[in-house]
Amino acid sequence: MPAPVIGEDIPLARRSPATLARRPSKRTAFVGLVLGLIGATAVLLLVPGPWRRWLEPLPVEGLNARLSADGRLLGHHPYPEVPRDQLVELELSPGLELKPEAAAAAGAMQRAAAADGVDLVVLSAFRSIALQKSIFFDIKAERNQSAQERARVSAPPGFSEHSTGYAVDLGDGRDPATNLSEAFDRTEAFRWLQANAARFHFQLSFPQNNPQGVSYEPWHWRFEGSADALKLFEPAQRLAR
């Protein structure tokens, strides 16, 4: 049966057009996008994954480098700065400081070396993060080095073993020209350290071809003769195994 018509012969069923789906306003779409991004970010932060470090601030201001998956920065492990009231001056090296147990071991090691006719000197001991920052960035600029180049020979601030109060740079008092250079490994002092340093709980931090990718530093030794020191350096030890 044909549909009834009303004026102008338009069927009643077609007098009102079908209701069209309403398009969301631009504001509604924008709010939805923002909420979606917030939700996605929250999920990413809650779910662990190696990409999370890209969402975090750079670990060192002024250094465009991020942490590796194992927490290292340009090869270096992170280390805290020991409070100054926990440091003591080295008996045989006035003006230089270490944690008490490391200072005692360093003094004993120097005396033992002297008894064997070796002049073992401590060139550097504790360094604050502020001083390490100056050393890293100032020399980097002076030598026109990239961050990667600089990190091979010096730790970024917050990533230096020296800040723990357990690390020393050693030299040969009879051959100062070799100080802080690979040539130190040709001195009597270095040969004595190779044979005796372990007795005093000191270990070479960056031997040749070390897994951290740091340049060979025959002068840089760290103390591992206490539970606290072992805990701090355990990640480096684990990487070396």
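Colleague: Let's start with the rings: how many aromatic pairs does the structure hold?

Modeller: Rings of Phe, Tyr and Trp (its six-membered ring) pair if their centres lie within 6.5 Å; planes under 30 degrees apart count as stacked, over 60 as edge-to-face and the rest as tilted. By that rule there are seven aromatic pairs here. Take Tyr 166 and Phe 223: their ring centres are 6.0 Å apart and their planes sit at 25 degrees, so this pair is stacked. The two come from distant parts of the chain, 57 residues apart, with Tyr 166 in the loop between α4 (147-151) and β6 and Phe 223 in strand β8. Helices (H or I, at least four residues) and strands (E, at least two) are DSSP runs, numbered from the N terminus.

Before we go on, keep in mind that this is a predicted model: local features need pLDDT of at least 70, side-chain atom pairs count only at pLDDT 80 or more, and totals for chains, interfaces and linings use all residues. Residues are numbered from 1 along each chain as its sequence is written, and side-chain values use heavy atoms, with hydrogens and water left out.

Colleague: Are Tyr 166 and Phe 223 buried or exposed?

Modeller: Buried means under 20% relative accessible area, exposed over 50%, partly exposed in between (1.4 Å probe, protein chains only). Both Tyr 166 and Phe 223 are buried. They also belong to a cluster linked by ring pairs, along with Tyr 79, Phe 202 and Phe 233.

Colleague: Which charged end sits over the ring of Phe 233?

Modeller: For this we ask that NZ of Lys or CZ of Arg is within 6 Å of the ring centre and within 35 degrees of the ring normal. Here it's Arg 222, 5.1 Å from the centre of the Phe 233 ring.

Colleague: Now the strands. Why is β6 largely enclosed by the rest of the structure?

Modeller: In a regular strand the side chains alternate between the two faces of the sheet. In β6 (residues 167-172), six of the six residues are buried, so the strand is largely enclosed. One side carries Ala 167, Asp 169 and Gly 171, the other Val 168, Leu 170 and Asp 172, and both faces are covered.

Colleague: Which strands are joined to β6 by bridges?

Modeller: Two strands pair if DSSP finds at least two bridges between them. Strand β5 (residues 120-124) runs antiparallel to β6 with four bridges, and Val 121 stands opposite Gly 171. Strand β8 (residues 217-223) is also antiparallel to β6, with three bridges; there, His 220 is the bridge partner of Asp 169.
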